[in-house]
Amino acid sequence: MDPIILFFLFGVFAGIVKSPLRLPSQVYDFITLVLLIAIGLKGGVELSKLSFFTLLPQSLSIIAMGFALPFIAYPVLRSLGRFQRADAASIAAHYGSVSVGTFAVAIAYMGANNIDYEEHVALFVVLLEIPAILVGIVLAKGIKQKTNWGKIANEVFLGKGVILLVGGLLIGWVSGPEGVSSIEPLFVDMFKGILALFLLEMGLITSTHLGSLKKYGIFLVCFGIVMPLFSSVVGILIGFMLGLSVGGTAILATLAASASYIAVPAAMRISVPEANPTLSLTASLGITFPFNIVIGIPLYYYWTTYIYKLFA
């Protein structure tokens, strides 16, 4: 097993046994900043090599997927899970958006196994952050004049995660491979080590949500696993139709299968305050995140290779 996954499992164990181990908040913020910029830089360098006509169909397809997935999750949560409207909309928005941490692990997995992929997939992360939030708000409240869209837009477009990714993309795009080479020791060479520390902290955070499973029952556990499996198939089909490589399609499947625990909770707190954040975070961070990084990513890659062997 990859050491970075073991760091995550170690964090979960330390949290379960109630160890006082925690990364200082300043260190965690620094690690997050470096990871997001590193992902953006790498994607930006690849963007500089692509034409607009290559990016346009891919971008539109990714945005459409971001809009579609919450609409699929919402009726399941309402009818089978019997969640209140606001809670169902909030959880659906989390599962239509993306987890940057899961994306970082997927990149590390591809690198460790020498699997090629389109490195501009970092752009997909940015594109998937936004549509699900808008859908979640509409599902929860409808379109109302009193909705503070300005404040929501500020949270969505200027939130830490999105602005760091976009900034990294732009810097990588403008600088190109030669310009970025001077800062590679921090943002490329140390990427896996920094990711390991990030996953250690994520394991500790995940352990705090495991207790909520006793309260919210088996449905949330099933949804937190089955929904990613379904979404990953959607991602594989879209990647195949777009002509992405096996590695690129597997990463897209991972993005589709992931659930947000940063951008969407912040936006839902502003726009749908009546939604219970414990439900969505328990599902996304307590169930889906560990499932994806331990089992999901290798599984999505296996499914992708199988589909490509059948039809490519």
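1. Let's begin with a pair of helices: H3 and H4 cross in a right-handed way. Please keep in mind that this is a predicted model. The axes of H3 (residues 52-79) and H4 (residues 85-96) come within 8 Å, and their crossing angle is roughly 140°.

2. Which residues of H3 and H4 make the contact? On the H3 side you will find Gly66, Leu69, Pro70, Ala73, Tyr74, Leu77 and Arg78. H4 contributes Arg85, Ala88, Ala89, Ile91, Ala92, Ala93, Tyr95 and Gly96. Sorted by class, this contact holds eleven nonpolar, two polar and two charged residues.

3. Now look at a second pair, H11 (residues 212-242) and H12 (residues 246-257). Their axes come within 7 Å and cross at roughly 145°. The crossing of H11 and H12 is right-handed. From H11, the contact draws on Pro228, Ser231, Ser232, Gly235, Ile236, Ile238, Gly239 and Phe240. Thr249, Leu252, Ala253, Ala256 and Ala257 are the partners from H12. How many residues of this contact are charged? There are no charged ones; eight are nonpolar and five are polar.

4. Finally, follow H14 from end to end. This helix covers residues 277-311, and a straight helix of 35 residues would span 51 Å at 1.5 Å a residue. Between its end C-alpha atoms, however, H14 spans only 42 Å. Where is the kink in H14 centred? Look at Asn292, where the kink is about 55°.

5. The start of H14 deserves a glance too. There, a side-chain oxygen of Asn276 reaches to within 3.0 Å of the backbone nitrogen of Thr278.

Notes. Residues are numbered from 1 along each chain as its sequence is written. This is a predicted model: local features need pLDDT of at least 70, side-chain atom pairs count only at pLDDT 80 or more; totals for chains, interfaces and linings use all residues. Side-chain values use heavy atoms; hydrogens and water are left out. Helices (H or I, at least four residues) and strands (E, at least two) are DSSP runs, numbered from the N terminus. The expected span of a helix is 1.5 Å times one less than its number of residues. The bend at a residue is the angle between axes fitted to the seven residues ending there and the seven starting there. A polar contact is a pair of N or O atoms within 3.5 Å; within protein, one must be able to donate a hydrogen and the other to accept it, and residues adjacent in sequence count only if both atoms are side-chain atoms. Axes are lines fitted to C-alpha atoms, for helices over the stretch in contact, and angles run from 0 to 180 degrees between N-to-C directions. A crossing is left-handed if the near helix is turned anticlockwise from the far one by less than a right angle, and right-handed if clockwise. Contact means heavy atoms within 4.5 Å. Ala, Val, Leu, Ile, Met, Phe, Trp, Tyr, Cys and Pro count as nonpolar, Asp, Glu, Lys and Arg as charged, and the others, Gly among them, as polar.
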